[in-house]
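Here's a quick tour of how the side chains pack in this one. Have a look at the structure first, then read on.

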Amino acid sequence: MNTKLLFCTIIALTTLGSAICAQDTLRIGYIDFEQTLTEMDAYADVQTQLAQLAKNYDDEYARMETEYNNKVKEYIVNGKNLSEPIKLARQAEITEYEERLALYHKRYTDDLAKQRREREQPVREQLRAAIRQAADAQHITLVLDSSTPLYTAAPCIDLTDAVKELLKTTQKR
């Protein structure tokens, strides 16, 4: 994360230096990217889809866990009366269930993360395009995320409303 922030800062400073050389005035805009993203209808749709997918995974995990717990309870109750080879077989079966649970959990969390990236990416791109369009319309040279800068000496232009308006227009089409 720090490397990404450093990289973005270097890019911003390079862009800033180029912009100052290329024109008399530098126009800086800002937007709260994450807040604007979370207010988008498309983002809410993606979150709903991901919540349903997570629920499906959780339901299956709960079913598997119940199956595992029943095997353990059965072993605890009847284990005293079983011969050694049967005990070993039941212990191996319980161990296999534990391994299956762990593998399933890893697979579903990995898939959920992958689905999140894949489904959110087009929405993020739509927001970036709207930011670019709003910045171009107001001749803004540099757009910062409002969560990043700690201090600015030059006046900055809030692009939030312009971007939201562009997103509304895009969604109506």
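Predicted model: local features only at pLDDT ≥ 70, side-chain atom pairs only at ≥ 80, totals over all residues.

Residues are numbered from 1 along each chain as its sequence is written, and side-chain values use heavy atoms, with hydrogens and water left out.

## The nonpolar cores

A nonpolar core here is a set of buried (under 20% relative accessible area, 1.4 Å probe, protein chains only) Ala, Val, Leu, Ile, Met, Phe, Trp, Tyr and Cys residues joined through side-chain atoms within 4.5 Å. The largest one has 18 residues, and Leu-37, Met-40, Leu-127 and Val-163 have the most contacts inside it. A second, separate core of 12 residues includes Ala-54, Tyr-57, Tyr-104 and Tyr-108.

Take Leu-127: skipping neighbours within four places in sequence, its contacts (heavy atoms within 4.5 Å) include Phe-33, Met-40 and Leu-167.

## Tyrosines together

Rings of Phe, Tyr and Trp (its six-membered ring) pair if their centres lie within 6.5 Å; planes under 30 degrees apart are stacked, over 60 edge-to-face, the rest tilted. That gives 5 aromatic pairs. Tyr-57 and Tyr-104 form an edge-to-face one, at 6.3 Å centre to centre and 70° between the planes.

Ring pairs also link Tyr-57, Tyr-61, Tyr-104 and Tyr-108 into a cluster. Tyr-57 is buried at 18% relative accessible area, and Tyr-104 counts as buried at 18% too.

Note on methods:
Buried < 20%, exposed > 50% of the residue type's maximum accessible area, 1.4 Å probe, protein only.
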